[in-house]
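This report concerns one protein model and its helices, sheet and charged side-chain pairs. The sequence and structure are shown first.

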Amino acid sequence: MTKTDTQAGEVPMNPQAPIGLGAIGTQPLHQVVYEKLRHALMSGQIESGRKLTSRKLARELGTSDMPVRSALLRLQALRALDQLANGSMILPAMTRERFSDLMTTRLICEPAAVRQAVTGLNRAGLLKLRQAAIALTAAAEDHDIDAYLRYNHDFKFGIYSACGSPSLLFLIETLWLQVGPFLRQFSGQFNSGLRGILELDYHDEIVKRLEDGDGDGAADLLARDIREGCAFLMEHGQFEQGRNRYLSISPHAP
């Protein structure tokens, strides 16, 4: 049909016009499964000592065993999981010495990421941090440990992801894969319920320092957050017995 053949009021068809379907994701299934499990571990959604089997996880995720096995092996290589004799995976039990070592290493890496992130956070990023801090407080007041740990992860990594250093971010993620599940120990340890964790909470102050461009001040508060949380769990957490290979972290360390 030519232009002269088009009837009045009729719109010619444009074969190039999109119809709004959007692009199909190209991320491999094994990577999708890995990201889901990685996030669940880092955000404390799976407790220490829990056994994981590829068959049960595949059923929950609606996939075959193969991508789940691949993801579990990657997480094992990062020390997030141990393999049992029957082939199942288990989240390693936390010893007092291992926890102290992980938290000491966090004190090296995470404040450094905060200092570097201050120039990488834009207004939208700061707004997301403010919203996450508000959600953290609400979750604590609701005694919801799952929501609290998710928002805690979102808050911290909302900062770290702006640090501009992929290698530093990878180190922090590896630490959180190991320590994240143990942070569930905060639940049930306060006389006032989970609301008591707000006494160890510096998220609002950290956001304010970042908004002011004070990277050193924000980093100092983040270090205080880590140090005091570590001291609390060292006193109240339930640990497996282990060989004393590391020095304990002092709550008053500089």
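The model is predicted: local features need pLDDT of at least 70, side-chain atom pairs count only at pLDDT 80 or more, and totals for chains, interfaces and linings use all residues. Residues are numbered from 1 along each chain as its sequence is written, and side-chain values use heavy atoms, with hydrogens and water left out.

**Helix H6**

Helices (H or I, at least four residues) and strands (E, at least two) are DSSP runs, numbered from the N terminus. Helix H6 covers residues 145-160, and its 16 residues should span 22 Å at 1.5 Å a residue; the expected span is 1.5 Å times one less than the number of residues. The end C-alpha atoms of H6 are 22 Å apart, in agreement with that expectation.

At the start of H6, a side-chain oxygen of Asp-144 comes to within 3.3 Å of the backbone nitrogen of Asp-146. The buried residues of H6 include Ile-145, Tyr-148, Leu-149, Phe-155, Lys-156 and Tyr-160, where buried means under 20% relative accessible area, exposed over 50%, and partly exposed in between (1.4 Å probe, protein chains only). Among the elements that cover the buried residues of H6 are helix H1 (29-42), helix H4 (96-117), helix H5 (123-141) and helix H9 (215-236).

**The sheet**

An open sheet of 3 strands has the order S1-S3-S2 and antiparallel pairing. Strand S1 (51-52) and strand S2 (82-83) stand at the edges with a single partner strand each, so one side of each has no neighbour in the sheet. Two strands pair if DSSP finds at least two bridges between them; S2 is joined to strand S3 (residues 89-90) by 2 bridges. Gln-83 has Met-89 in S3 as its bridge partner.

**Salt bridges**

A salt bridge is a side-chain nitrogen of Lys or Arg within 4 Å of a carboxyl oxygen of Asp or Glu. The whole structure contains 13 salt bridges. The table lists some of them.

| Pair | N to O distance |
|---|---|
| Arg-69 and Asp-65 | 3.4 Å |
| Lys-156 and Asp-225 | 3.6 Å |
| Glu-228 and Arg-224 | 3.0 Å |

Arg-69 and Asp-65 lie 4 residues apart in helix H3 (residues 65-77), about one turn of the helix. Arg-69 is partly exposed at 39% relative accessibility, and Asp-65 is partly exposed with a relative accessible area of 23%.

Glu-228 and Arg-224 are both in helix H9, 4 residues apart, about one turn of the helix. Glu-228 is partly exposed with a relative accessible area of 23%, and Arg-224 is partly exposed at 41%. Elsewhere, salt bridges with shared partners join Glu-35, Arg-38 and Glu-173 into one network.

**Lys-156**

Which side chain meets that of Lys-156 in a salt bridge? The partner is Asp-225. Lys-156 lies in helix H6 and Asp-225 in helix H9, so the pair ties together parts that are 69 residues apart in sequence. Lys-156 is buried, with a relative accessible area of 1%, and Asp-225 is buried at 10%.

Not counting residues up to four places away in sequence, Lys-156 touches Trp-176, His-203, Leu-222 and Asp-225, contact meaning heavy atoms within 4.5 Å. The side chains of Lys-156 and His-203 are also joined by a polar contact of 3.2 Å. A polar contact is a pair of N or O atoms within 3.5 Å; within protein, one must be able to donate a hydrogen and the other to accept it, and residues adjacent in sequence count only if both atoms are side-chain atoms. Lys-156 and Ala-132 are 24 residues apart in sequence and 9.3 Å apart in space, C-alpha to C-alpha.
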